[in-house]
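Subject: Structure handover, aromatic contacts

Hello,

Here is the structure for your files. My notes on the aromatic side chains follow below it.

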Amino acid sequence: MCGISGCVVQGDGRSPPTDLVAIVDAQNRRGPDSTGYASLAVGAGRTLWLAHNRLSIIDLTSSANQPMTSHHERYSLVFNGAIYNYVELREQLLASGYSFTTQSDTEVLLAALITWGEAALPRLFGMFTFAFYDALANRLILARDRFGVKPLYYRQDGNDIWFASTPGAIAGNAGLDPNLEYVGRGIRLKYYEDEGGIAPFAGICAMPPGHCALIDLGTPSAISPQPYYDLGAAWRLARADFGQVDRLMLRSELLDRLRNATMIRLRADVPIGISLSSGVDSTTIAVLCAEAGALPLGFCFGDPEDDASEAPAVRRFAAQLGQKVRYIPQATGQTAKRLFWRTLRAQGAPFPHTSQIAQYAIFEDARAHGVFAHR
């Protein structure tokens with residue numbers, strides 16, 4: 001769902017650095033619909049490059065391509081992901097006098113950052129990473145969504161800065177070795193990443209979930225991500241608010257929030273689908289979509305005649321709901337081997353469970369049928 005990248009390096013900004021072009025090329029699978037570059041002088045003979053690989057989901061016109069720059073060229077943005085509440089934020093910004101030229105969530109994010117600065121971050125409901133540059137302040141903001149759904153990696157080499165949605169291209173350009181702590185953790189604990197900055201390659205950091213880094217490009221210093229969201233604090237606040245509410249009201253509030261969270265995720269200008277298992281989460285989403293009369297096509301990994309998979313339960317559920325489902329058969333032999341290697345190349349790092357392979361097979365099938373699959 002798009003790929004962002006960029007760098008701060010010595011140069012005149014006339015043509016993108018070869019290493020940045022290599023990163024953009026490597027991330028093409030994340031956003032094959034358009035590619036864009038922007039160069040911005042940041043002083044002392046240095047240039048900030050912003051680059052983008054776009055997967056068009058909202059506002060399919062070229063006006064919504066990135067990098068996106070404000071009309072007076074002070075602010076520039078590259079963004080990966082989706083701001084699900086962009087309609088509500090757009091209404092707030094229109095009421096304050098902001099004028100829009102596209103229907104994209106990208107322009108809403110740009111306007112929100114222009115209007116509220118980093119204070120916009122707690123207002124965003126979505127999965128995202130972005131790089132936002134203010135030319136007047138000569139400041140770059142790198143940020144990642146609350147729970148780290150979208151990836152963002154960076155490397156600092158002296159005064160040079162590199163960042164991207166995937167770590168492999170950065171590492172390849174710099175000749176970096178795998179991070180053995182990262183690999184060892186995955187082998188021992190069956191998970192690789194946590195809420196910190198660990199990354200698959202030595203010398204690269206991951207932006208932690210719910211963090212942003214404010215980088216003064218006029219006085220280079222070490223990148224220091226700071227939290228803008230604290231799940232524990234949010235839970236304590238919610239607990240205080242709901243502590244005196246009876247159970248029936250809590251159930252009603254939960255259902256309202258689930259409905260709203262589901263509906264705003266259906267906003268798209270392309271067909272969307274549901275990655276459907278027999279679990280509570282995806283079936284709940286399907287029921288809420290059906291209630292709203294917007295039931296997307298389902299995609300399920302497994303054979304509906306094989307009781308060893310989830311597919312028979314999905315078939316029974318879909319029959320009751322009247323939902324159409326595509327079943328992706330489990331791969332075996334050489335087909336499974338090829339699927340594993342395709343998944344590994346897409347991940348760009350080791351993964352602990354075969355569920356990633358199943359999800360990759362689902363998304364391959366969804367793409368082949370012109371569908372963007374929510375999960």
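This is a predicted model: local features need pLDDT of at least 70, side-chain atom pairs count only at pLDDT 80 or more; totals for chains, interfaces and linings use all residues.

Residues are numbered from 1 along each chain as its sequence is written, and side-chain values use heavy atoms, with hydrogens and water left out.

Ring pairs: rings of Phe, Tyr and Trp (its six-membered ring) pair if their centres lie within 6.5 Å; planes under 30 degrees apart count as stacked, over 60 as edge-to-face and the rest as tilted. That rule gives 7 aromatic pairs. One of them is stacked: Phe128 and Phe130, with ring centres 6.0 Å apart and planes at 20°. Phe128 is buried at 1% relative accessibility, and Phe130 is buried at 0% (buried means under 20% relative accessible area, exposed over 50%, partly exposed in between; 1.4 Å probe, protein chains only).

Phe340 and Phe351 form a tilted pair, because their planes stand at 55° with the centres 5.9 Å apart. Phe340 is in helix 10 (residues 333-347), while Phe351 is in the loop between helix 10 and helix 11 (355-368), 11 residues apart. Helices here are DSSP runs (H or I, at least four residues), numbered from the N terminus. Phe340 is partly exposed at 31%, whereas Phe351 is buried at 13%. Ring pairs also join Phe340, Trp341 and Phe351 in a cluster.

Charges over rings: the criterion is NZ of Lys or CZ of Arg within 6 Å of the ring centre and within 35 degrees of the ring normal. Arg90 sits over the face of Phe100, 4.5 Å from the ring centre. Arg123 sits over the face of Trp116, at 3.8 Å.

Regards

Definitions and conventions. Helices (H or I, at least four residues) and strands (E, at least two) are DSSP runs, numbered from the N terminus.
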